[in-house]
Amino acid sequence: MDRLFAYSAEVLSFVRPAEDRAAPPDNAALERMLQRGLRLVRSAQKNHLVLLGLGSGALAAALARDLPPEVRLLACTLQPETAHALRQAGDLAWWTPASRHGLLADTSPWALLTLLDMAGATAQTACLLLNPEAAEPERSRLAALQRTLAAASPLEVPALDPSRAPALSAAAILNPEEPDLDRYFAQFPAWLTELAVVWDAERVPERAWTCAAPLRQAARPLGGDFSAQRNAMLALCQGDWVLYLDADETLLPDDWARIPGLCGQQEAAGWHFPRLTFYPDQDRCRMGLGLWPDFQLRLFRRDPGLAFVNPVHERLTGLDGPEALALDLALRHHTHLRKRPEAIRAKLAVFDQAGNGVRHTLSADYPHLPCNLLEPAPRGLSVRGLLLPSS
């Protein structure tokens with residue numbers, strides 16, 4: 001199965017087609033747009049043309065028809081409802097599972113960036129063309145994505161023996177009632193400096209956990225303020241770097257072995273990981289409409305002045321240096337497998353109470369795909385990263 005086709009088809013199945021469609025350009029205007037795109041491809045001599053925006057769909061169709069056979073069109077849109085309407089009208093006839101061309105449709109720029117990377121379309125291999133038909137507000141968002149794609153730098157981070165890497169503290173804020181904590185503690189390797197845990201409780205639970213890493217524990221009631229709890233977690237850490245995981249998250253053993261390399265590199269002060277949320281079972285994952293890649297800043301150098309802000313959906317501030325994406329190292333998120341819907345709703349209610357008016361809902365169904373379509377295979381123990389431009 002072609003992952004790009006499967007991804008966009010699943011997203012389109014969860015949105016309604018747009019009611020208003022852009023009028024196609026006249027023949028002369030369309031020909032000027034087409035020739036501009038063809039000139040760009042000829043001068044750059046790259047094997048992908050990334051078209052940012054669909055508009056009426058006319059330019060995408062013309063490029064799919066006239067591009068040289070060695071060049072692949074990847075048409076991107078942040079308005080899946082537009083793609084759905086074009087498909088219903090027969091204006092995406094060039095987009096089929098067997099076509100060499102691809103459509104990337106999602107509401108998340110990070111999803112489009114990740115899908116382009118999976119397709120091999122990078123600043124080094126692809127021409128980027130902002131569709132003149134793209135209208136606001138999508139146009140500004142696509143232009144921002146274009147700037148990120150053009151300015152981000154690829155990183156290949158080799159494996160590093162933990163004994164030669166900076167000291168790393170794993171960390172967590174936990175509730176004693178969380179399910180499957182035995183499996184959670186069992187994942188942490190012995191080479192860690194420590195696992196620093198702050199419990200949402202009056203006192204540290206008396207239970208002895210099976211954990212290969214040295215365990216440091218403290219207790220304080222959450223009190224509806226997740227940032228305060230994270231800051232207490234930071235204060236407990238002694239390593240040069242910190243990696244934190246939630247109670248329903250794990251890393252594979254081979255991925256743990258790749259973490260020291262990220263701590264030992266000099267380019268990035270913090271790393272964002274994609275997160276695979278298993279749903280409805282362990283073989284499939286949520287995706288589309290902001291649900292994937294769900295990048296999480298979880299590994300960072302413990303610089304002076306670091307602090308989490310916001311009572312809910314806490315954000316780390318004070319990082320001294322650029323940030324990067326670990327494109328092929330994913331967190332495993334087990335919340336739908338380990339908790340009943342009523343338990344998830346109870347957790348969302350805590351978020352609502354802490355969020356001062358923010359409301360969280362649990363949907364009856366989510367778009368999903370087989371997990372193997374959402375995760376590129378790692379190359380050995382190195383990590384393929386992308387250094388983000390400074391904002």
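Here is a short exchange about aromatic rings in this predicted model.

Me: What should I know about the model before looking at ring pairs?
Reply: Local features need pLDDT of at least 70 and side-chain atom pairs count only at pLDDT 80 or more, while totals for chains, interfaces and linings use all residues. Residues are numbered from 1 along each chain as its sequence is written, and side-chain values use heavy atoms, leaving out hydrogens and water.

Me: How many aromatic pairs are there, and by what rule?
Reply: Rings of Phe, Tyr and Trp (its six-membered ring) pair if their centres lie within 6.5 Å; planes under 30 degrees apart are stacked, over 60 edge-to-face, and the rest tilted. The count by this rule is 13 aromatic pairs.

Me: What makes tyrosine 184 count as buried or exposed?
Reply: Buried means under 20% relative accessible area, exposed over 50%, and partly exposed in between (1.4 Å probe, protein chains only). Tyrosine 184 has 0% relative accessibility, so tyrosine 184 is buried. Phenylalanine 188, at 1%, is buried too.

Me: How do you know which kind of pair tyrosine 244 and phenylalanine 300 form?
Reply: The ring centres lie 6.3 Å apart with planes at 65 degrees, so this pair is edge-to-face.

Me: And why is arginine 286 said to sit over the ring of tyrosine 366?
Reply: The rule asks for NZ of Lys or CZ of Arg within 6 Å of the ring centre and within 35 degrees of the ring normal. The charged end of arginine 286 sits over that tyrosine 366 ring, 4.8 Å from its centre.
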